[in-house]
Amino acid sequence: AGAARHRGAGAGAQGLTAMGRCIDGLCRGLEGLIALALATMVVLVFGNVVLRYGFGGGVAASEELSRLLFIWVVFIGATLAYRSGQQRSTPLAWSETATAATLAAPVLLRTVGRAAFGIIALVPLGGFIWVARLFATGVFANGGEISAAFTWMPSANLNLEFRLDALAGLFSLIILGVGALVLLYCWGYFDSNPRRLAKFGFELTFFATTMYGLVIADNFLLMYVFWELTSVLSYMLVSYYGERASSRRAAMQALMVTTFGGLAMLVGINLLGYKAGIWKLSEVSQIADIENTQAISAAIVLIMLGALTKSAQAPWHFWLPGAMAAPTPVSAYLHSAAMVKAGIYLVARLAPDLSAVTTWHLVVLSTGGFTMLLGGWMALKQQDLKLVLAYGTVSQLGFIITVIGVGSREATMAGL
């Protein structure tokens with residue numbers, strides 16, 4: 001049996017190494033495309049000049065070549081930024097590129113048109129490959145992590161502290177991978193390019209950046225800043241069709257519920273910080289005799305109130321089906337893949353340590369189990385496809401919360 005386990009471990013290590021080589025080869029292939037892009041740029045510039053000044057009827061073709069030229073320039077910039085971030089090995093490497101893409105999104109959409117969504121999708125795709133390569137090369141093995149810290153407001157216990165470990169990396173893969181697919185889907189979903197689409201592109205890209213910041217934030221208060229930013233951006237994205245009363249009502253409902261939960265969580269964070277002296281997620285495991293820590297039960301209830309409202313757990317589940325009034329890319333990304341996973345991420349982060357407290361199981365397991373049953377039952381009653389998916393999502397979120405909330409390693413792995 002020992003020899004079999006040894007052979008299995010060796011085969012697993014070889015498979016992981018092969019995967020790492022494959023991903024590394026893909027990353028190096030991006031570098032090769034830079035040379036091709038430069039050569040293409042020369043051809044496009046030459047053709048642009050000839051068509052613009054050499055032929056009177058070539059204006060339309062000239063504009064198309066200009067757009068292609070612009071696409072290649074953005075692609076080169078994204079690739080170079082990706083390689084720079086890869087060499088720096090800091091959790092903020094991709095976020096800097098994403099911030100630049102967020103600021104450029106409105107300009108791209110007004111300049112290039114709907115095809116700009118395909119360009120912007122390259123940024124989360126590059127981040128996805130970068131995080132996948134960290135997994136494949138063993139950076140997160142045996143509790144490994146990459147971190148960055150900057151002193152900002154130490155008197156208020158608010159420093160810019162970031163940590164990218166295996167759990168944050170897993171959720172980063174979801175955020176970046178699904179984000180790239182949704183942005184690409186936007187290219188074909190929208191059949192026109194109104195002015196508000198530029199605003200939509202900015203908000204959706206900013207949301208992806210904010211969600212990435214949420215999962216890598218190690219400081220409780222910093223995480224709360226990203227937490228509330230996602231609620232505000234959700235409100236703006238759900239109300240894309242602002243002329244419709246249903247969209248305005250759904251956006252306000254989602255904002256009120258998630259903001260209420262967020263404020264309760266802020267109180268819980270401060271309670272935990274002042275009573276236990278813990279202001280970082282990575283320090284929760286250092287609390288000695290956590291069951292007898294002063295006000296720990298109240299802190300758990302308040303923090304979980306924020307997590308459970310964010311993940312649409314009963315009785316606060318009603319905001320998620322209402323938010324289906326948003327465009328389909330928003331429903332797919334925010335309300336199925338990303339924002340509702342913020343609560344699951346926080347439960348998964350805290351469960352191994354706080355599950356030793358009886359209050360944790362009473363709050364998390366009972367709420368998750370009830371939501372799982374209620375969401376499934378309500379999904380059976382729906383006839384609208386988006387509502388079937390919405391209530392099905394609520395049910396599955398409750399199921400995941402219940403499993404991860406147990407707190408053991410096996411349950412956490414099963415839930416994830």
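Asn157 is partly exposed, with a relative accessible area of 23%. (Buried means under 20% relative accessible area, exposed over 50%, and partly exposed in between, using a 1.4 Å probe and protein chains only.) You'll find Asn157 in the loop between strand E1 (146-153) and strand E2 (158-164). Its phi is near 60 degrees, a positive value in a residue other than glycine. Helices (H or I, at least four residues) and strands (E, at least two) are DSSP runs, numbered from the N terminus.

Now look at Ala295, in the loop between helix H9 (245-276) and H10. Phi of Ala295 is near 65 degrees, again positive in a residue that isn't glycine. Ala295 is partly exposed, with a relative accessible area of 30%.

## What you're looking at

This is a predicted model, where local features need pLDDT of at least 70 and side-chain atom pairs count only at pLDDT 80 or more, while totals for chains, interfaces and linings use all residues. Residues are numbered from 1 along each chain as its sequence is written, and side-chain values use heavy atoms, with hydrogens and water left out.

## How confident is the model?

pLDDT is the predictor's confidence in each residue, from 0 to 100. For the protein chain the mean pLDDT is 83, and 79% of the residues reach 70 or more. Over residues 1-17, though, the pLDDT is below 50, and this stretch has 2 contacts in the model beyond near neighbours in sequence. (Contact means heavy atoms within 4.5 Å.) Residues 34-39 also stay under 50, with 5 contacts beyond four places in sequence.

## A cis peptide bond

Ala314 and Pro315 are joined by a cis peptide bond, with omega about 5 degrees. Pro315 sits in the loop between helix H10 (296-310) and helix H11 (319-322).

## A pair of helices

How do H14 and H15 cross? The axes of helix H14 (residues 358-380) and helix H15 (residues 385-404) come within 7 Å and cross at roughly 155 degrees. That makes H14 roughly antiparallel to H15, a label for angles over 145 degrees. Axes here are lines fitted to C-alpha atoms, for helices over the stretch in contact, and angles run from 0 to 180 degrees between N-to-C directions.

Residues of H14, including Gly368, Met372 and Gly375, meet residues of H15, among them Tyr391, Ser395 and Phe399. The residues of this contact divide into 10 nonpolar, 9 polar and no charged. (Ala, Val, Leu, Ile, Met, Phe, Trp, Tyr, Cys and Pro count as nonpolar, Asp, Glu, Lys and Arg as charged, and the others, Gly among them, as polar.)

Definitions and conventions:
Parallel < 35°, antiparallel > 145°, perpendicular 65-115°, else oblique.
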